[in-house]
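Here are a few notes to read alongside the structure. Keep it open on your screen and look for each residue as you go.

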Amino acid sequence: MKALRWGVGIALMLASGVAVAGCAGGRQTPPRFVSAWSGANTAVGVLDRAIGITVGPDGKLLVADTWNDRIIRCDAEGAPTDAFGQTGNEAGKLQRPGSIATDREGNIYVVDTWNHRVQKFDAKGKFVLQFGAKGGPWGYDEAEGKFLYPYGIAVDSKGAIYVSDFNNNRIEKFDPKGKFIIMWGTAGRQDGQFSHPAGLAIDSRDRLYVADLGNDRVQRFTPEGKFDGKWGKTGADPAEFDRPYGVCVDSEDNVYVADFGNHRIQKFSPHGRLLYAYGAPGSGDGQFRCPMAVAVAPDKTVYVSDWGNNRIQKLAPAS
């Protein structure tokens, strides 16, 4: 199994330029850079290794500012306006929140990774409920509702909540009140197995997409946890991956993947056909250093959590 590299000590060979792939063979024109922000000179202050991002039902961006242990809310332009959360393990407090999702009512679900739980807040950031607990400290714990560094989260049309249990190599599903429903997955490379499942996304048919990070692929499942398809393999060519962390789905069920180790965003059709690959390693406009999450607004604006550059980038559809 390949080593997973966390933290700031990531060695990168950076190059200039923005690499794009598209148009040929029915592919789409990649997006264009619009803006980037790190939180400096705003009401909330500077980001510190923000990971999770999502677009709520109101079209506004939410950011899990991971090392600041808080959630940032943004205006319609994607700029931060206010935040909630602080460091701790009491209800409503956070320790290294990983991913974030919303339901149709605008409630906010946060994977509180280092507290091994999920917390739910209302649209204004008021604590509602929490569920989950830490499993075995050094190994796997197969008990229902137990986590070992949970990472990804997604909410389907019925309000069911899916969580990727990163170190237990499985997916757990809960009802809207946090009651356990089912779980599936074991460590491995076969269909329905995982090597550190990371980001999650739901399409219009409530199918679940999983960024199977250690296996360099995306897997899809029915709401009941039945394997429903996969694509991707290890590599740097278009449609290949190097530790895909984040995944999201737009209104047409196209799938976007944050390709962490290849420093780019890739877009696929619902059937896994590459539509474009965009980005290159670096700190310039449209360049990335280890992107960890991607989110798409109803108008097809794409937001990227550019983790290694401590910023959020905003991309618009090509005109």
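This is a predicted model: local features need pLDDT of at least 70, side-chain atom pairs count only at pLDDT 80 or more; totals for chains, interfaces and linings use all residues.

1. Start with Arg 96, which is partly exposed at a relative accessible area of 23%. Its salt-bridge partner is Asp 69, with the closest N and O atoms 3.7 Å apart. Arg 96 sits in the loop between strand 6 (80-84) and strand 7, while Asp 69 sits in the loop between strand 4 (61-65) and strand 5 (70-74), so the pair ties together parts that are 27 residues apart in sequence.

2. The mean pLDDT is 91, and 90% of the residues reach 70 or more. Go carefully with residues 1-16, though: the pLDDT there is below 50, and in the model this stretch has 36 contacts beyond near neighbours in sequence.

3. Back to charges: the count of salt bridges comes to 17. One of them joins Asp 212 and Arg 217, at 2.7 Å between the closest N and O atoms. Asp 212 is buried at 0% relative accessible area, and Arg 217 is buried at 5%. Shared partners also link Asp 203, Arg 207, Arg 220 and Asp 228 into one network.

4. Now for the largest pocket, with about 980 Å³ of space. Strands supplying at least two lining residues each include strand 3 (53-55) and strand 25 (291-296).

How values were computed: Residues are numbered from 1 along each chain as its sequence is written. Side-chain values use heavy atoms; hydrogens and water are left out. On a 1 Å grid over the protein atoms alone, a cavity is a set of points where a 1.4 Å probe fits but cannot get out, and a pocket is an open set with protein on both sides within 12 Å along at least five of seven lines; lining residues have an atom within 4 Å of a point. Grid points are joined across faces, edges and corners, and a volume is the space filled by probe spheres set on the points. Helices (H or I, at least four residues) and strands (E, at least two) are DSSP runs, numbered from the N terminus. pLDDT is the predictor's confidence in each residue, from 0 to 100. Contact means heavy atoms within 4.5 Å. A salt bridge is a side-chain nitrogen of Lys or Arg within 4 Å of a carboxyl oxygen of Asp or Glu. Buried means under 20% relative accessible area, exposed over 50%, partly exposed in between (1.4 Å probe, protein chains only).
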